[in-house]
Structure formats: structure tokens, C-alpha cells
Amino acid sequence: MKEFFPEIPIIKYEGKKSENPLAFRFYDPDEVIAGKPMREHLKFAVAYWHTMCAGGTDMFGVDTHDKTFGTSDPMEHAKNKAYAIFELMNKLSIDYFCFHDRDIAPEGRTLAESNERLDVITDLMAELMKENGKKLLWGTANCFGNPRYMHGAGTSPNADVFAFAAAQIKKAIEITVKLGGNGYVYWGGREGYETLLNTDMGLELDNMAHLLRITSEYGRKIGFKGDYYIEPKPKEPTKHQYDFDAATVIGFLNKHGLSKDFKLNIEANHATLAGHTFQHELAMARVNGAFGSIDANIGDMLLGWDTDQFPTNIYDTTLCMLEVLKAGGFTNGGLNFDAKARRGSNTWEDTVYAHIAGMDAFALGFRMALKIMDDGRLDTFVKNRYASYSEGIGKKILDRSATIEELEAYALQMGDVKTNTSGRQEYLENVLNGILFC
Ligand code: XUL
Ligand code: CO
């Protein structure tokens with residue numbers, strides 16, 4: 001196999017005292033914790049679009065990180081990226097990757113040419129996956145980058161665009177199935193609007209549901225056994241994205257009879273853009289039976305956009321992993337680093353440092369989440385807080401046997417609520433700190 005990063009060694013676990021920047025301090029892939037190796041609990045994935053494609057371009061300047069892989073020929077470039085991502089995954093002990101169709105093979109002049117290019121690259125990928133023992137966490141279609149999608153894909157006012165998007169997604173599902181993908185993601189790229197002065201919202205939402213239905217049914221027909229995910233995001237690129245947050249998407253799926261076949265891919269930075277915590281979005285997915293996968297990153301609270309930074313905040317990763325454990329762990333999902341090194345961090349060493357930082361942050365968060373569960377104080381507190389539902393009128397409310405008349409008679413006889421116990425928020429925050437740092 002061609003080597004693209006001879007300067008990067010295989011990253012090993014050296015324990016928390018290590019000061020070697022090219023080593024893990026908390027992530028020990030083969031350490032068995034809670035019944036299985038850490039790599040199976042965390043299921044890290046490399047995001048093709050950031051790690052192999054994005055070179056740091058922003059509104060004010062061109063790429064700072066050279067990702068040409070030594071060629072200007074588009075297909076040669078695509079092949080080199082494939083070799084390079086497997087080398088990186090091997091060196092970082094990452095078992096999974098995720099891609100958009102256009103990340104792995106450049107778009108051709110026609111849909112047929114684009115599809116042929118995908119066939120060539122996915123043949124190579126299938127070989128590389130086998131050779132290196134790597135798996136596809138999920139695939140997706142980029143139905144937002146090309147100018148044809150300027151008004152959306154499934155929600156475009158132009159029926160030709162809807163047809164093109166359907167065909168593009170069909171092919172993206174086919175290659176996901178070909179590569180044994182565990183999941184397929186729909187992120188509503190430009191599915192939203194800028195102004196209602198030019199928008200038929202009802203028609204757009206119904207069309208979006210129709211596109212999800214026909215493409216997901218097609219996937220099942222050709223043998224897709226994995227999970228479909230919707231990835232909520234409230235804004236960017238459009239002002240009003242239809243898949244605003246977990247609750248909105250769950251309501252939409254229920255309305256259109258799609259909830260049986262769709263789960264959610266929760267992204268940390270999308271949660272905070274929606275005015276929620278990462279933990280809130282994960283909990284909302286979990287309590288609705290829709291928890292699926294995670295795009296692991298973090299935003300900057302001082303900036304109002306999707307900065308897609310590598311996650312290094314231990315509170316965030318701990319509370320995230322606590323939710324994952326409460327959901328029973330990942331099944332088909334995992335932790336995909338939908339994250340990029342900063343524009344100023346423009347070397348491959350930086351990309352590797354960034355992945356190490358994210359993996360160690362999640363590994364530490366996972367260890368801490370288990371510690372919180374073992375400790376039990378937070379869980380016990382929550383259980384006791386709802387103790388009034390375990391007997392008397394509360395029990396009758398919970399088993400739904402109390403009628404409205406019975407509740408009224410109870411309230412009349414009570415006169416008023418006599419006690420309301422403290423929520424003890426500050427005490428609990430301190431308990432959490434104690435578990436994390438003592
Ligand atoms: C965009 C985003 C996407 C999806 C896949 O904000 O998160 O990269 O994860 O289309
Ligand atoms: Co994402």
C-alpha cells in the first residue's frame with residue numbers, strides 16, 4: 001500500500017502520565033471495560049469530507065492545508081485519498097469511516113459519469129476495507145454543494161432537481177450497501193428556506209417526506225439492513241432548516257409515518273446552534289426510541305455558526321457517553337468525527353493531534369460516565385425525586401387509572417400542595433465535579 005504519512009507513527013496507548021503528543025492517554029482500544037473492548041464501545045469514525053478533503057478554505061482565504069496528495073488528476077486524487085484514509089485509520093486505530101458520495105469521487109459532467117466514477121472508487125475501497133479490516137459507519141449523498149441544489153434538493157421548487165436528487169441518493173444507497181455500510185444518513189443540506197415570500201412550505205415538507213420514503217424503501221429492496229438516520233440542524237446553510245432539532249424531526253417522522261425506519265444522528269455543534277445542549281438532543285432521541293449515531297464535534301459558544309471543532313470538553317463527552325450508556329450503547333451507530341482541525345492547524349500532524357485529542361476526550365468521558373453510573377448518587381437522586389409517583393395518587397397517575405374527577409376530589413381535599421422538595425442543582429453539580437476530579 002502507498003504510504004502518504006511516513007512521519008506519522010502508529011499511535012499507541014501510553015497511559016495518562018505520557019507526555020508523548022503522538023500517543024493516547026485515555027484511549028486504549030483493546031482494553032476490555034464493561035464487557036467489551038473500548039473500540040467497540042466508542043466506534044470512532046473518520047469523516048472523509050473534513051479529514052481527506054477540507055483544506056481550510058474560508059470566506060476570506062484559500063486552502064492552507066495541501067490535500068492534493070501529489071496529483072492534479074481528479075481520479076488519481078480520489079484514489080490517493082482512499083489509500084491515505086486507510087493509512088490514517090490504521091495509524092489511529094480507527095475502525096470506521098463515513099463519506100458523502102462526492103467526497104470519495106469527483107462529480108462528472110453527467111450523472112452517469114459521476115456514477116461510473118463511484119463504481120471505480122468503491123471497487124478500490126471494497127478491497128482496501130477487506131485488506132485493512134475497516135468498516136463503513138455510514139454513507140450519504142451530497143445534495144447541497146452543486147449549484148443545482150441552490151434552492152434545496154427534495155424541497156426545491158424545481159421538479160427536475162427533485163428527480164436528480166432522488167437518482168443521486170439511489171446511487172449513494174447502492175454504494176453504501178455495496179460497502180456493507182451500517183447506516184445511511186440524510187442531512188437536510190439545503191432543505192429549508194430563506195423567506196416565506198417565495199416558499200410553499202407545505203409542499204416542500206411533503207416532498208421532503210416523499211423523497212425520504214421512496215429512497216429508504218428502495219434501500220430496503222436492495223438489501224440495506226442498517227439504520228437510516230436524519231441529522232437535525234437548525235440553520236446554516238439556510239436560515240430555517242426544516243430538520244431543526246431532534247424534537248422537530250421526531251414530529252415530522254411521526255406525521256409522515258416514517259418513524260419506524262428512521263433514527264437520529266445527533267451532532268454536538270448542531271445541538272448548540274439549536275439552543276440546546278448536546279446532552280438534551282441525545283436524551284430527546286433516546287426517550288423517543290430514536291437514538292442512533294453521533295457526529296462528534298463541538299462548536300464555539302462565542303460564534304453563531306457550525307465551527308465543527310474536534311471535541312475536547314470533558315463535561316460534554318462525559319454527559320454524552322452517559323446518554324449513550326443509558327441508551328444501551330451503540331448498535332449500528334458510532335462516534336463520527338464530523339470535525340476539522342482549525343485553518344491555522346495546517347499539517348497532517350495537526351490532523352492526527354486533533355483525532356488523538358477527540359478520541360482521548362471521548363475515552364476519558366466514557367470512563368467518567370461509567371464512574372458516574374457506578375457511583376449511583378445522581379441516578380438515586382433522580383429516582384427519589386419522583387418518589388411521589390410510587391404510591392397513593394401518584395401511582396394511580398402513573399398507571400393511568402386516576403380519572404379527572406378523582407384528581408379533582410383529591411386536590412379539593414388537599415386544599416393546596418403542602419411540600420415541594422428542592423431540586424438541589426448546585427449540590428448535584430458539585431457531586432458531578434467530585435466524581436470527575438476526586
Ligand atoms: C453539516 C453536516 C454534514 C452531515 C453529513 O453541518 O454535519 O456534514 O454530517 O451530510
Ligand atoms: Co454532521
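Me: If a pocket is an open set of points on a 1 Å grid over the protein atoms alone, with protein on both sides within 12 Å along at least five of seven lines, where does ligand 1 sit?
Reply: Ligand 1 sits in the largest pocket, with more than half of its atoms within 2 Å of the grid points. This is a predicted model, where local features need pLDDT of at least 70 and side-chain atom pairs 80 or more, while totals for chains, interfaces and linings use all residues. Residues are numbered from 1 along each chain as written, chains are lettered from A and ligands numbered from 1 in written order, and side-chain values use heavy atoms, without hydrogens or water.
Me: Which side-chain atoms lie by its oxygens, and how far off?
Reply: As polar contacts (N or O pairs within 3.5 Å), oxygen atoms of ligand 1 lie 2.9 Å from the side chain of Lys 233, 2.9 Å from that of Asp 295 and 3.3 Å from that of Trp 49.
Me: And the metal, what holds the cobalt ion?
Reply: Its protein donors (N, O or S within 2.8 Å) are Glu 231, Glu 267, Asp 295 and Asp 338, at 1.9 to 2.1 Å, spaced E-x35-E-x27-D-x42-D along the chain.
Me: Why octahedral?
Reply: Because the 6 donor atoms around the cobalt ion subtend angles of 80 to 170°, and six count as octahedral with opposite donors over 155 degrees apart and all others between 65 and 115.

Technical notes:
Polar contact = N/O pair within 3.5 Å; in protein donor to acceptor, adjacent residues only side chain to side chain. 1 Å grid on protein atoms, 1.4 Å probe; cavity = no way out; pocket = protein on both sides within 12 Å on 5 of 7 lines; lining within 4 Å. Donors = N, O, S within 2.8 Å, 3.2 Å for Na, K, Ca; no water. Tetrahedral: all angles 85-135°; square planar, octahedral: opposite > 155°, others 65-115°.
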